[in-house]
Amino acid sequence: MPLPLLDPKNDFVFKRLFAESPDLLADLINAIRSDQPPIASLEVLNPRIDPAELQGKYIVLDLLARDVDGRLYNIEMQVRRYLDWPLRATYYLARTLTSQLKSGEDYADLKPVIGIHLLDFELYAHNRAHWCFELRDRRHPEVLLEQGLQLHLIELPKADRLRGQAQRLDDWITYFKHWQEDDLMSRISHEPIREAHRQLEALSDNDDARYQAFVRERALSDEVSFLASARREGLAEGLQQGRQQQLAETVQRQLTRRFGSLPEAVQARLEQASQRQLAEWADRLLDAPTLDTLFAD
């Protein structure tokens, strides 16, 4: 019985597939940038995957490529939604642009940088799945401030539902979302996608690749679990601190009502007390004739 196919949205699998087949990556880019002249050829500049990267929880296995005209492309598959993801995406695009020049070189030598991020989550509430961000004037969007930076976002869940963007892009989205469904995959006639599916089958039969994909998936799952655990601990700690502060304020009000204005030393002692100490003082407060008696060990 054949093993199940690896998930092409696993960023290790995604990078292996497209780093080893730049022609398939070019076809994907052309499908996303269908309003631009097609790329004739593409060079992947970072095809290697360091084994340490597979276990790096916060590392993104992206692809950096260059076309024959020198334009640079940063392509990522993202399955996790980071809180500051838009800032991160903008930062890396800008860094790729500025890293092209060394001291004293001409700005005219800069080549455009195009980011393409495939997101397996919904980022915006709008009923739209393909976004393209550029530097344009707000009142006259037809005026473009050069073509130095461009960022394409494809929200795969919405794109899978909405369809109708373009047949070739729709087919690529079907591949990423329904790679295990033979019936849907058999309806795709576009040869680059059929070739990508054949390569996915070959990669899925490779024991070493399966293990590396598992290591990567485990690292991502560990990251999710770690963040969830940290949130739970943070909430529990915040709740505990809230209860303790509330108890301290209650004891302080009761003491003030009984003994009048409290010395600074007593106020400081209340602020530093544990929840157990506060509870003991609250119990003794009604019977204690003086503050010294209340705080006596």
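A pocket is an open set of points on a 1 Å grid over the protein atoms alone, where a 1.4 Å probe fits, with protein on both sides within 12 Å along at least five of seven lines. The model is predicted, so that local features need pLDDT of at least 70 and side-chain atom pairs pLDDT 80 or more, while totals for chains, interfaces and linings use all residues. Residues are numbered from 1 along each chain as its sequence is written, and side-chain values use heavy atoms, without hydrogens and water.

The pocket is lined by 13 residues (each with an atom within 4 Å of a point). Thr90, Leu93, Phe133, Glu134 and Leu151 lie nearest its centre. Two or more lining residues come from each of α4, β5 (130-134) and β6, and α4 gives the most, with 5 residues. By class, 10 lining residues are nonpolar, 2 polar and 1 charged.

Helix α4 comprises the 14 residues 85-98; at 1.5 Å a residue it should span 20 Å, and its end C-alpha atoms are 20 Å apart, which agrees. Within α4, Trp85, Ala89, Leu93, Thr96 and Leu97 are buried (under 20% relative accessible area, 1.4 Å probe, protein chains only). These residues lie on the same side of α4 because they cover an arc of only 110 degrees around the axis. The face turned away carries Leu87 and Thr98, which are exposed (over 50%). The cover over the buried residues includes β2 (63-67), β3 (72-78), β4 (113-119) and β6 (149-155).

Methods: Helix = DSSP H or I, 4+ residues; strand = E, 2+ residues; numbered from the N terminus. Expected span 1.5 Å × (residues − 1). Arc of directions from axis to C-beta. Contact = heavy atoms within 4.5 Å. Nonpolar A, V, L, I, M, F, W, Y, C, P; charged D, E, K, R; others polar.
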